[in-house]
Amino acid sequence: MQWIYLLIAGAFEVTWAVALKMSHGFSVQLPSIITIVGMAASLFFLGLALRELPIGVAYAIWTGLGIMGTFIFSAFVFHEIGSPGQWACVGLIASGIAGLKLLSH
């Protein structure tokens, strides 16, 4: 169950990051509210995951999911495509996340 909590925390990490951009510096109300709620939800589910997962592994995966999800979302929604090198780096982050999961007990 802790891995599911971590995935949910990662999804909320992407949610708040995207909403933060859409809030235009907290000047648009709905995205600003989504940002704050998303941050709280992300931390809540990370906290649940940390009941059983080591903090180093959980935190690395949580931030990695946020990085990957936000990068991919921004490419398709905001047309911030990124260079091939940047995509390769995101692929390396994905490899690191997979490795952390596969090598965890």
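## A serine in a helix

Where does S32 lie? S32 lies in helix 2; helices here are DSSP runs of H or I with at least four residues, numbered from the N terminus. This is a predicted model, so local features need pLDDT of at least 70 and side-chain atom pairs count only at pLDDT 80 or more, while totals for chains, interfaces and linings use all residues. Residues are numbered from 1 along each chain as its sequence is written, and side-chain values use heavy atoms, with hydrogens and water left out.

S32 counts as buried because its relative accessibility is 8% (buried means under 20% relative accessible area, with a 1.4 Å probe and protein chains only). Skipping neighbours within four places in sequence, S32 is in contact with S23, F26 and S27 (contact means heavy atoms within 4.5 Å).

## The core

Now for the greasy part. The largest nonpolar core has 17 residues, and W3, L6, L46, L53 and I61 have the most contacts inside it. Such a core is a set of buried Ala, Val, Leu, Ile, Met, Phe, Trp, Tyr and Cys residues joined through side-chain atoms within 4.5 Å. Helices 1, 2, 3 and 4 each give two or more residues to this core, and helix 3 gives the most, with 7 residues.

Take L6: leaving aside neighbours within four places in sequence, L6 touches partners including L46, L53, I61 and W62.

Key. Buried means under 20% relative accessible area, exposed over 50%, partly exposed in between (1.4 Å probe, protein chains only).
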